[in-house]
Amino acid sequence: MASDRKHILNCIVGGGRDLNAEMEATHARYDEVNAILHGRVAADALRQALEEGGEMLDMTLAALKASNVKRVGVYLQESKAATAEGQERLGAALPASLEELSLVGCLGLRMAPRFAELTQLKTLNLFNCANLERLPDLSKLTQLKELNLKFCWKLCGRLILPRRWCWNRVKVEK
């Protein structure tokens with residue numbers, strides 16, 4: 001409905017605008033708000049995009065890369081359709097602004113995406129990525145406070161990790 005659209009747009013523009021005010025043809029914050037909305041929608045659509053692939057995945061990853069989202073969660077517990085290649089492409093599209101990343105139950109994931117550019121990352125959750133065999137270098141993640149490798153059995157079997165790392169979330173100590 002036109003009135004709902006007007007209310008939503010006036011609310012997004014903010015600045016104490018009357019929700020019934022006529023919309024301006026252009027707005028100084030349009031690009032900023034548009035990027036935020038695209039990033040949030042992309043973050044929410046990741047599971048479906050990874051499963052479908054093709055153009056949907058391309059558009060979703062492009063919107064995610066151009067955004068400044070702080071949290072991304074992909075829950076693929078029941079999914080067998082998401083490929084390792086799609087998950088690798090996801091790693092390349094993660095925005096540098098990311099503070100929290102959850103890749104949960106990504107059974108096709110054998111090696112975690114490269115995280116070197118995610119210097120703001122505070123939480124990395126790889127819960128139940130049972131086939132994960134390798135982690136990339138995490139040394140540049142100086143803000144990392146929490147790492148969850150719970151139920152990453154192949155990784156825990158290959159590395160000599162404290163047993164608690166495979167059963168619990170751990171706080172990263174500097």
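This report walks through a predicted model of one protein chain, from its overall make-up to a few pairs of side chains.

## The big picture

Let's start with the parts list. The protein chain has 7 helices and 5 strands.

How much of the chain is tucked away? Of the 174 residues, 37% are buried. The chain also exposes about 10500 Å², and carbon and sulfur atoms supply 53% of that area. As for who touches whom, take the contacts with a separation of 6 or more: 43% of them come from residues 24 or more positions apart.

## Strand β2 and its two partners

Now look at strand β2, which covers residues 100-104. It is mostly covered, with 4 of its 5 residues buried. Strand β2 pairs with strand β1 (residues 71-75) in the parallel sense, over 5 bridges. It also pairs with strand β3 (residues 123-125), again in the parallel sense, over 3 bridges.

Val104 in β2 is the bridge partner of Tyr75, while Glu100 stands opposite Thr123 in β3.

## Three salt bridges

The model has 3 salt bridges. Is Arg71 buried or exposed? Arg71 is exposed, because its relative accessible area is 61%, which is over the 50% cut-off. Glu100, at 30% relative accessibility, counts as partly exposed.

Another salt bridge joins Arg89 and Asp58, at 2.5 Å from N to O. This pair links distant parts of the chain: Arg89 is in helix α5 (residues 84-93) and Asp58 is in helix α4 (residues 54-65), 31 residues apart. Arg89 is partly exposed at 29%, and Asp58 is partly exposed at 38%.

Then there is Arg47 with Glu51, whose closest N and O atoms are 3.2 Å apart. Both belong to helix α3 (residues 46-52), and because they are 4 residues apart there, about one helical turn separates them. Arg47 is partly exposed, with 32% relative accessibility, and so is Glu51, with 31%.

## A cluster of rings

Which residues do ring pairs link into a cluster? They are Phe127, Phe151 and Trp153. The model has 2 aromatic pairs. Phe127 and Phe151 make an edge-to-face pair, 5.4 Å centre to centre, with 70 degrees between the planes. Phe127 lies in the loop between β3 and β4 (146-148), and Phe151 lies in the loop between β4 and α6 (153-158), so to speak a link between distant parts of the chain, 24 residues apart.

Phe151 and Trp153 form a tilted pair, 5.4 Å centre to centre, with 55 degrees between the planes. Phe127 is partly exposed at 25%, Phe151 is partly exposed at 22%, and Trp153 is partly exposed at 39%.

Asn128 is in the loop between β3 and β4. With 15% relative accessibility, Asn128 counts as buried, because the cut-off for buried is under 20%. Leaving aside neighbours within four places in sequence, Asn128 is in contact with Gln77, Gly105, Cys106, Leu107, Lys150, Phe151 and Cys152. One of these, Phe151, also belongs to the ring cluster.

Technical notes:
Residues numbered from 1 in each chain as written. Predicted model: local features only at pLDDT ≥ 70, side-chain atom pairs only at ≥ 80, totals over all residues. Heavy atoms only, no water. Buried < 20%, exposed > 50% of the residue type's maximum accessible area, 1.4 Å probe, protein only. Helix = DSSP H or I, 4+ residues; strand = E, 2+ residues; numbered from the N terminus. Pairing = 2+ DSSP bridges. Phe/Tyr/Trp six-rings, centres within 6.5 Å; stacked < 30°, edge-to-face > 60°. Contact = heavy atoms within 4.5 Å. Areas by Shrake-Rupley, 256 points an atom, 1.4 Å probe, with all protein chains shown as cover. Salt bridge = Lys/Arg side-chain N within 4 Å of Asp/Glu carboxyl O.
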